[in-house]
Amino acid sequence: VFFAAINCWHPGSECRSEYPKIQSYPVLILYPVRGTGVPYKGITTAPYMMRFIESYLFPLTRISNRQELGELLIHNELVFLAYFNFSGLPNSPGYQEFYRASVKALEKDPNREVKFAIVTSASVATQEFNVEQFPSASLFLWNESLIYPADRLWTSENILTWMQSSVHRVSVWLQPPGLKSSTLAPYLHAGPVLFLFTPRNPLHPSNYNYKLLQEVALEYYNCDDLWWTSTLIEYLKNERHHSEAHHREKTRKCSQVISENSDNIIPLSVSIQKWVNDSCCHKIFMNKCLLCKNNGESVCNIPQDHLHEICSQRDVFKVIDDREDFDKNFCCNDSPDTKKYLSSMLTGENDPLSAENLRKKTVKEDCRLFLMGNQYQAPVFPGFSDEKVKLTASACAHNKSLTFVAIDSLNYFHFAEALGIDLLKTQNKTAVVILDSFQESQYIMSEQLTRDSLVKFINDFVNGTLNRQLRSDSTRRFARDFQPVAECDKRRVNEICIPELTTETFLGTVMNPSKDVVVFYHSPYCAFCGAVAYVYLTVAQYLSRMSNLLFVRIDGDNNDLPWEYSMNRYPAILFFPAK
């Protein structure tokens, strides 16, 4: 992969003429040797970009039985499997179209959430998957498998469109682009959403907190007690129980693989003879006359005019095993023009391109990325629990079903901050919150993330026993548009200063039994609030000598208050008398 940077800002440049509507930079595009480029729309950090490139270089995974399919479904929520009677690219209809679809899918799925897999043997497809028509494809979901329509044209566009329209999940990773978008809107409009904020490591094959979320979500939506869904839940539970031990073991093995000295693989020098026009073999087809024999004499001693007659009846493709026989019949072996060359016909042991060495190289590269992932972000495991709490909530038993969403807390901590969560103060930068946009309420799980605590949190929400979490402006530290409000300096008695309240200070201020309090509700998104604020400040100055009267203000959008004190429009002014 070659990395290049192009200045696309210059108005007269070829790049600007090719992409005239670029709204923001940088724009990242991966161009193949042939074909159009694939834009990268993921997180612009090295680990995520490495995962994208890896997915592009190896877009398909070959499997040969149902057990391998099950392993793919454990590590990938969705698997799109195609079946081919593969006998080379020209003779395998549909393969190239499926390959293009897998590459093009990276535009909307840069982290490869949907795994593209293939079965290349017709016999395996028939015996293991009961498939007899080629090409064909199946989309394996959490509760069903869908078959690509046989009457639909097999093109990359049709394949991708059908797959994207057929996908439905019980849980999903979301990556808001950072601009105005509707990434979150469809989920919030559908009903309450459970958000899991947890560190995501794109260099590791699994995120253990997310696997717990997926396990509970499958149990929540498995209304019909489907066999495959129940089996998948058991697989995820078993993986969760052994996740720490498996991670430690893989770290140990990968450290051992990386420490091994594998740089001693060198090309093998093979001595071959230079066949020139004046040699005895220059007129023999494929220069295979070395296998011709004439009464035990070397073929080089045969007169050239009789050579064809002697070799015509011989098997010139026979492989010689005996070294003595090889030396005796190797054409012109004693020629003074003989030279030694490096040959591409290498033995498997010292050939870096042999199957075994390529396998070792793949394992080593996988270990290198795995250990690099440990340095990027240490793995986070769910806490231990007795798992005695039963999930009584179900998607089929209530009108409002929960949607399960995971967000990378390393890159989107400001989203958690907007919900009143300071991830820097939480364990492992992990938090769980349920947001109900219709009720304008959010509920934060206060306990450590375990299977029991998550199940209990969901049960309590469905039963209506959770207390609404009130957000406060005092927890906002990383929002881009946030400016901390300076406190009033009481020593400057000649200046008018209106205190800014937060959720924590609101009730204690307005319920002061010795003072009448006037509260000005405003919002950073209210344009008219600025004009009214000037009038409010003027009135506060006129009445500043009244010691029993206090003028304050509060950002109603970023400070949640009890319902009886909340406003549904801005600006608004409320008067709270002392008695």
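## Basis of the model

The model is predicted, so local features are described where pLDDT is at least 70 and side-chain atom pairs count at pLDDT 80 or more, while totals for chains, interfaces and linings use all residues. Residues are numbered from 1 along each chain as its sequence is written, and side-chain values use heavy atoms, with hydrogens and water left out.

## The chain as a whole

The chain contains 17 helices and 18 strands, where helices (H or I, at least four residues) and strands (E, at least two) are DSSP runs numbered from the N terminus. Of its 579 residues, 42% count as buried, a word that here means under 20% relative accessible area, with exposed meaning over 50% and partly exposed lying in between (1.4 Å probe, protein chains only).

Contact means heavy atoms within 4.5 Å. Among the contacts in the chain with a separation of 6 or more, 74% come from residues 24 or more positions apart.

Five strands form an open sheet with mixed pairing, in the order 8-12-9-13-14; two strands are said to pair if DSSP finds at least two bridges between them. At the edges stand strand 8 (171–174) and strand 14 (441–444), each of which pairs on one side only. On average, neighbouring strands of this sheet are turned by 25° against each other, direction ignored.

Strand 8 and strand 12 run parallel and are joined by four bridges, and in strand 12 the bridge partner of Trp173 is Ala406. Strand 8 is covered on both faces, with Ser171 and Trp173 buried on one side and Val172 and Leu174 buried on the other. Helix 8 (residues 208–221) lies across strand 8, strand 9 (193–198) and strand 12 (403–408), and runs at about 170° to strand 12.

## Strand 5 and its surroundings

Because five of its six residues are buried, strand 5 is largely enclosed by the rest of the structure. Strand 5 runs parallel to strand 3 (residues 61–62), to which two bridges join it, and Arg62 stands opposite Ile118 in strand 5. Strand 4 also pairs with strand 5 in the parallel sense, over six bridges, and here Phe80 stands opposite Phe116.

Helix 4 (residues 95–104) has Tyr95, Phe98, Ala101, Ser102 and Val103 as its buried residues. These residues pack against strand 2 (38–40), helix 2 (46–57), strand 4 (78–83), strand 5 (114–119) and helix 6 (156–166). In strand 2 is Pro39, which touches Leu28, Ile29, Phe52 and Glu107, not counting residues up to four places away in sequence. The C-alpha atoms of Pro39 and Leu106 are separated by 8.2 Å, although these residues are 67 residues apart along the chain.

## Two helix pairs

Two packed helices are described by the angle between their axes and the distance between the axes. The axes are lines fitted to C-alpha atoms, for helices over the stretch in contact, and angles run from 0 to 180 degrees between N-to-C directions. Angles under 35 degrees count as roughly parallel, over 145 as roughly antiparallel, 65 to 115 as roughly perpendicular and the rest as oblique. A crossing is left-handed if the near helix is turned anticlockwise from the far one by less than a right angle, and right-handed if clockwise.

Helix 3 (residues 66–75) and helix 9 (residues 227–241) have axes that come within 10 Å and cross at roughly 70°, and they are therefore roughly perpendicular to each other. Their contact is made by Leu73, Ile74 and His75 of helix 3 with Trp228, Leu232, Tyr235, Leu236 and Glu239 of helix 9. These residues divide into six nonpolar, one polar and one charged, where Ala, Val, Leu, Ile, Met, Phe, Trp, Tyr, Cys and Pro count as nonpolar, Asp, Glu, Lys and Arg as charged, and the others, Gly among them, as polar. The crossing of helix 3 and helix 9 is right-handed.

Helix 2 and helix 13 (residues 355–376) pack at an angle of about 160° with their axes 12 Å apart, which makes helix 2 roughly antiparallel to helix 13. The crossing of helix 2 and helix 13 is left-handed. Here Pro47, Tyr48, Met50 and Glu54 in helix 2 meet Leu369, Met372 and Tyr376 in helix 13, and the residues of this contact divide into six nonpolar, no polar and one charged.
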